Amino acid sequence: MTYAVRTSGPASPMLFERVPPLWWAIALVLIAMPLFASNFVLFQIFGWTFILGMIGLSLMFLAGYGGMVSLIQMTVAALAGYMVAILGTSGVPAISLGWPWWLHIPVAILVAALFGTLVGALAVRTEGIYTIMITLAIASAFFYFTRQNYGLFNGYTGFNNVLPPQLFGIDWRQPAPFYYLTLACATLAYAAVVYVARSPFGLALQGVRDNPRRMGALGFSVTAHRILAYTFASVIAAFGGILLVWQSAQVSPGTAGIPQVIDILVIAVVGGIKRPVGPFIGALIYVLLRVFSPDVLLAVGLSGERFKLLIGFGFLVIVFFSPDGVLGLWEKFKARRAQSRDPLRGDRP
Amino acid sequence: MTLADMPSATSRTAAERLGSVSSGNALELRGVTKLFGALAAISDVTLTVRPGERRAGLGTNGAGKTTLFNCGTGDFLPTTGTIRLFGEDVTSFPAHERIRRGLRRTYQISLLFGGLSVADNVYLACRGVSRGRFSLLRPRVNDVLVTRAAELIEAVHLTPARDTLVANLSYGQQRQLEIALALAGAPRFILFDEPAAGLSPTERSELVSILTNLPGHIGFIIIEHDMDVALRVAESVTMMHNGRIFKEGTPQEIENDAEVQELYLGGGSHG
Amino acid sequence: MQSLYKRHPVWSVILLVLIAGFLWLIFAPWPPGLEQVMGRKRIFLNAILSGITLGALYFLVASGFTLVFGLMRNVNLAHGSLYLLGGYIGYEVANTTGYWLLAFPVVFILVGALGLLLQHQVFRRMEGEELRQTLVTIGISVVLADIMLWIWGGQSYQVLSPDWLSGPMTLPLISSLRSNGEAVYLTYPQVRIVILCVAILIGLAMWLVLNRSKLGMLIRAGVDDRDMLAASGVRIQVVFLGVFAFGAGMAGMAGIIGGTFQSLSPGEDTRFLLASLVVVIVGGMGSIPGAALGAVIIGLAEQIGIVYAPTYSVVFTFLIMAVVLAFRPQGLLGAGR
């Protein structure tokens, strides 16, 4: 049980000792991955996992810590991607402004965060159950608008050739560099969420989740906290969105279509929205399903296009049997193992 | 340490000075009515409490006591009437604005943060009335608020349970935590809503000692069904009936009033 | 109405003036100067009528959605899928039997039965867990959408309106004046006017049932306080089953109508789910009159937008929704907070 702050007393355990060994093993494997994994695995599987995991993390922050299930995260991500295409360089020189990377990337994140904050301002003054509806409606409006608008968003086609800048002489879109880039961003996002969760802001947000009436009676402005939570989550989603657009080198209305918006929810819920590692687990499962299920389906005699059905069914099964997702299953498994210890002698049968 | 020693930095002495010198009342309700559709939960309630005054709010169930509190904290706006807190008109203020001006409240059914520990709950209470609510930085080891939270937990005898999840506390412990939350920061006036509900006799005497030992500048209104507790800690009594103020006076006057006895005590003096 | 006037006298007067102006625009012949500014009156009238008839369709879809949410606090995000499923089934029935009208009862029963099944087997087990129910509806919508794609493919289907309904009809609205002063009256597709009338009738019927019958009283009581209703001995689960099945059946029948007015294809489920969401956000949750008002507003906004500012019609709808959320989050006719 960690405290809001370490109490004074005998030397508190160092970071090295506090993190369980499993995590160190995973970290080592992840860092050494390019040595033994193929380019496809690095770029398509892990790169995509980290990106979707980040966007899912943004949803997890709002839902798990704030009690607000928001479907606007993918839209915020796509908006950041669109801004990078519009303000930077792309295959549509008529619209792209060609600003340098140190200008267009921060501005893109700012615009996306602003948008997320505005959506939050509209969504938080109603009961929790409306948040899904309102954010879904706004996300849909964004999709239809980008599809119709040719002046700024280039309509149906969107932007292609949206590439990361060649910093330090490295082509960041090559598999190994891109892998490390997404790994670094995902780790940073994860660490930020874990850290902020125990900061005054994060604790207050959890208080708002558990008992908004009491938070008001303790002097907190519940509305302000909720809206700022959207801001924080939107920054994370914006980073994810820019990486996503770099990965596919294009952005179009379909980047934030309703299926994609729903997929982020699926990822977060399947992984588990109670802990920050959940969305990454969910993202990995999703990516593996997307990449390999067409083959599985063909083997069974169905068309490879039926992966949506598989994902939908999988999602239904999880929500039915383990609403806390894979993490929830893991918790239950651990609890049962703990229970199966012999009460007298403490060892397992 | 006792509650009287509770350090709350300069803000307490300021509050003390304010409380004793200000010519205004701590809490003042004028003509407050709250309608729920056609039902008048409280009608035309006019109530004044001086700073530092200890008042008991009595009445049968449905008399409107909790509605009065809810209007006072700002859970809902009164249909008509004004509410003044230390001279300031707070009628349209949301709850958090009133709390930041020194009002506090406990609830009949504990409203706590089930997913957080006791320490976190009290820390949040301390944080709520000070700056830095949106801080993204974790508090340092010697953070002032963390220390103060620890002292508060000590004052309500919950230190052994400081890291327990609130959901795992016993009922009595939750009620103690409820009191601790109300004492965070520099409270100037507290609304206690049936704090003794469900407590054992020992816990009750502990509650009475906590209430009587509160610093003198902190006034409060206590709603209680347990007349023993209420009349021991209060210096004045307001009785409500059917949403209106029925009688006001000292504890002795109320206890011996014939109308009150008939209505509330069921005839004869309370043993 | 009176309370609205009392609380906001200035706004009420402005609203009345706007409505009066609007009615004049519709019924009076336009002076030549006005036509230069606003384009031809015929186009304006067409946009208005299309907006209202589209609003009728939106109302039929959204009313089931708002009832289910109002009573059971279940945000059924599979509502659009039920719409599309009803449309496809209706197409098959109308196509094979040749009777357009027959599609309605068949679809109502089939889609209603699906709704019954869902409520009984799935949602009842998650009583009180609103978020979980909503997540399940999302899963169901994904599964249904793919199954429909599998069976009916990606092309567009059009439900042909029956002969006795096709063709134009003349409305008592003046679209222009001939040089000799004689009025030219507007012609408009008959089927759309008929559906508008049917929607109004259904709306009135629902309102009557909700406000004048015992069943309606039960439902309204349940919307106000579900636990109380259950505690008073009413078989609340039966009421839930009925309401959900009815809402699903309505969505299905609306699908037939949408397939007749417009067309059916993958993506229509999302479009009508979105329309339902916006309509109830604007009109107010759990309110049938709210759904009607919201539907008309959104239908008009969409059609007027398409005619006069094509690239920004989505923005209009979204702006209306944002304004309502900003100033009256519970919806125009939603229960006050």
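# Close-up views of a predicted three-chain model

**View 1. Chain B as a whole.** Chain B has 10 helices and 10 strands, where helices (H or I, at least four residues) and strands (E, at least two) are DSSP runs, numbered from the N terminus. The model is a predicted one, in which local features need pLDDT of at least 70 and side-chain atom pairs count only at pLDDT 80 or more, whereas totals for chains, interfaces and linings use all residues. Residues are numbered from 1 along each chain as its sequence is written, chains are lettered from A and ligands numbered from 1 in the order in which they are written, and side-chain values use heavy atoms, with hydrogens and water left out. Of the 271 residues of chain B, 54% count as buried; buried means under 20% relative accessible area, exposed over 50%, and partly exposed in between (1.4 Å probe, protein chains only). The accessible surface of chain B comes to about 11400 Å², with 52% of this belonging to carbon and sulfur atoms; accessible areas come from the Shrake-Rupley method with a 1.4 Å probe, and for residues only the protein chains shown count as cover. Among the contacts in chain B with a separation of 6 or more, 67% are between residues 24 or more positions apart, contact meaning heavy atoms within 4.5 Å.

**View 2. The open antiparallel sheet of chain B.** Four strands of chain B form an open sheet in the order β2-β1-β4-β5, with antiparallel pairing. The edges are taken by β2 (39-49) and β5 (88-89) of chain B, each of which has a single partner strand, so one side of each is left without a neighbour in the sheet. Two strands count as paired if DSSP finds at least two bridges between them; strand β1 (residues 27-36) of chain B is joined to β2(B) by seven bridges, and the two run antiparallel. Helix α2 (residues 65-73) of chain B lies across β1, β2 and β4 (80-85) of chain B and runs at about 65 degrees to β2(B), with axes being lines fitted to C-alpha atoms, for helices over the stretch in contact, and angles running from 0 to 180 degrees between N-to-C directions.

View 3. Most residues other than glycine have a negative phi. B:D44, which is found in strand β2 of chain B, has a positive phi near 50 degrees, and B:D44 is partly exposed, with a relative accessible area of 49%. Phi of A:N154 is also positive, near 60 degrees, but A:N154 belongs to the loop between α6 (128-148) and β1 (159-160) of chain A and is buried, at a relative accessible area of 15%.

View 4. β3(B) pairs in the parallel sense with strand β8 (residues 219-223) over four bridges and with strand β9 (residues 236-241) over five bridges; B:R55 has B:I221 as its bridge partner in β8(B) and B:S236 as its bridge partner in β9(B). Strand β7 (residues 189-193) of chain B is mostly covered, five of its five residues being buried, with B:F189, B:L191 and B:D193 pointing one way and B:I190 and B:F192 the other way.

**View 5. C:M285 and the meeting of chains.** C:M285 lies in the loop between α12 (268-283) and α13 (288-308) of chain C and counts as buried at 10% relative accessibility. Leaving aside its neighbours within four places in sequence, C:M285 is in contact with A:Y130, A:M133, C:F65, C:T66, C:F69, C:V280 and C:Q330. C:M285 and C:S63 are 222 residues apart in sequence but 9.7 Å apart in space, C-alpha to C-alpha. Of the two pairs of chains in contact, chains A and B share the most contacts, whereas no contact joins chain B and chain C, whose closest C-alpha atoms lie 10 Å apart.
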